[in-house]
Amino acid sequence: MTLVAWPMVVLVNQIFFECGHALGICRRRVIVVTTVRDFLAQHAVETMGVECGDEGVHIVLAIAPHQMAIRVTVDKVHLVNCPITKGGKPVLERLACNYDINSFETGKAKCKEALQDKFGLHKDGSPVFAMVSRMVGMKGFDLVQSIADGLVDRGIELVILGSGESQYENFFSDLCGRHPGRVGTYIGFEPTLSQEIYAGADAFIMPSKSEPCGLAQMVACRYGTPPIVRETGGLRDSIHDSTMGEGNGFTFAGYNAHELYVACCNAQNAYYDKENWKNLVHHCMECDFSWDVSAKSYEGLYNETANLW
């Protein structure tokens, strides 16, 4: 797909140019292309003049009267990178119940019960929303901090796994103490526990400020746990809102607590519509984030670039 018609100078690791003209000598070969892939273009528009901070991607847009230049410093340029296959079983090692796309109703129910037991949560029919992430502002923890008490007051149980900035570690530890039986917090990272959370949670919160690709939202789909994501970078590419019909999660656009809260409320309301929720979980597990798809996209990109000369 041709998204930008102006010349773009790209160097893997370092580039210098203005309005399409190279200004400096670079250490590696410069490639001039006239197309921008979905992920790159979306990332450029939404991070105008802002360093993203994740995966070494920094993008600046400069507008000239007759052309637009995009300066990109990339350590890793990719489309959708996730070695997750379609249709079989998730990589489940120590879960309360193994399951696949044909048995997720029983399997996830048992995994949820085990997760609630582990964190001492009430088993009153409430949905469990989870996060597994580094506790940093870039991952949207400032937004979650703003709405966490409100979500619990609405009848949502929260499970948080991660470590990072002390302000978030302290807040979510205190949140657990303020809402016994409604919030579970684990400061640190434990791979087996993260699997149990992906499997046992009903929805997965991922409100990143910036996410060039993202893996957690695809892992969540694999476990049949619809993601709640901000429409940014790879999250926008891989998760589509289901509020008005077909989709594999719940999305919001602006980086603010109100929109995240609304998306979480939409997910909670959808959860209580059991038949539609079952269809949503099934659709999540159907999503094909395998290399079969990504490899074809890469092949098309490389062929397209080679044919420019």
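# A walk through the predicted structure

Ser-126 is buried, with a relative accessible area of 6%. In this predicted model, the residue sits in the loop that runs between helix H2 (104-119) and strand E8 (128-132). The side chain of Ser-126 is joined to the side chain of Asp-124 by a polar contact of 2.7 Å. Leaving out residues up to four places away in sequence, Ser-126 touches Lys-112, Gln-116, Gly-155, Glu-157, Arg-182, Asp-202, Tyr-271 and Tyr-272.

With one residue placed, the whole chain can be considered. The protein chain has 10 helices and 13 strands. It contains 309 residues, and 52% of them count as buried. Among contacts in the chain with a separation of 6 or more, 65% are between residues 24 or more positions apart.

Tyr-271, one of the residues that Ser-126 touches, belongs to helix H8, which covers residues 257-271. How far apart should the ends of this helix be? Helix H8 has 15 residues, and at 1.5 Å a residue it should span 21 Å.

Which residues of H8 are buried? They are Leu-260, Ala-263, Cys-264, Cys-265, Ala-267, Gln-268 and Tyr-271. An α-helix has 3.6 residues a turn, so residues three or four places apart point the same way.

The N-terminal end of H8 is capped by Asn-256. A side-chain oxygen of Asn-256 lies 3.3 Å from the backbone nitrogen of His-258. Gly-254 is found in the loop between strand E13 (250-252) and H8. Not counting residues up to four places away in sequence, Gly-254 touches Arg-230 and Glu-259. The C-alpha atoms of Gly-254 and Glu-231 are 7.9 Å apart in space, while the two residues are 23 residues apart in sequence.

Helix H2 can be followed to another helix, H9 (residues 274-286). The axes of H2 and H9 come within 11 Å and cross at roughly 95°. Angles of 65 to 115 degrees count as roughly perpendicular, and H2 and H9 are therefore roughly perpendicular to each other. On the H2 side the contact is made by Phe-104, Glu-105 and Lys-108, and on the H9 side by Lys-278, Val-281, His-282 and Met-285. The residues of this contact divide into 3 nonpolar, 1 polar and 3 charged.

Leu-193 is in helix H5 (residues 191-200). Is Leu-193 buried or exposed? Its relative accessibility is 6%, so Leu-193 counts as buried. Apart from neighbours within four places in sequence, Leu-193 is in contact with Lys-118, Phe-119, Leu-161 and Tyr-186. Leu-193 and Leu-161 are 32 residues apart along the chain, and their C-alpha atoms are separated by 8.4 Å.

Two further buried residues complete the tour. Glu-211 lies in the loop between strand E11 (203-206) and helix H6 (216-222). With a relative accessible area of 5%, Glu-211 is buried, because the cut-off for buried is under 20%. The side chain of Glu-211 makes a polar contact of 3.1 Å with the side chain of Lys-139. Gly-233 is part of helix H7 (residues 233-238). Gly-233 is also buried, and its relative accessible area is 0%. Between the C-alpha atoms of Gly-233 and Lys-209 the distance is 9.5 Å, and the two are 24 residues apart in sequence.

Methods
Residues numbered from 1 in each chain as written. Predicted model: local features only at pLDDT ≥ 70, side-chain atom pairs only at ≥ 80, totals over all residues. Heavy atoms only, no water. Helix = DSSP H or I, 4+ residues; strand = E, 2+ residues; numbered from the N terminus. Expected span 1.5 Å × (residues − 1). Buried < 20%, exposed > 50% of the residue type's maximum accessible area, 1.4 Å probe, protein only. Polar contact = N/O pair within 3.5 Å; in protein donor to acceptor, adjacent residues only side chain to side chain. Contact = heavy atoms within 4.5 Å. Axes fitted to C-alpha atoms, helices over the stretch in contact; angles between N-to-C directions. Parallel < 35°, antiparallel > 145°, perpendicular 65-115°, else oblique. Nonpolar A, V, L, I, M, F, W, Y, C, P; charged D, E, K, R; others polar.
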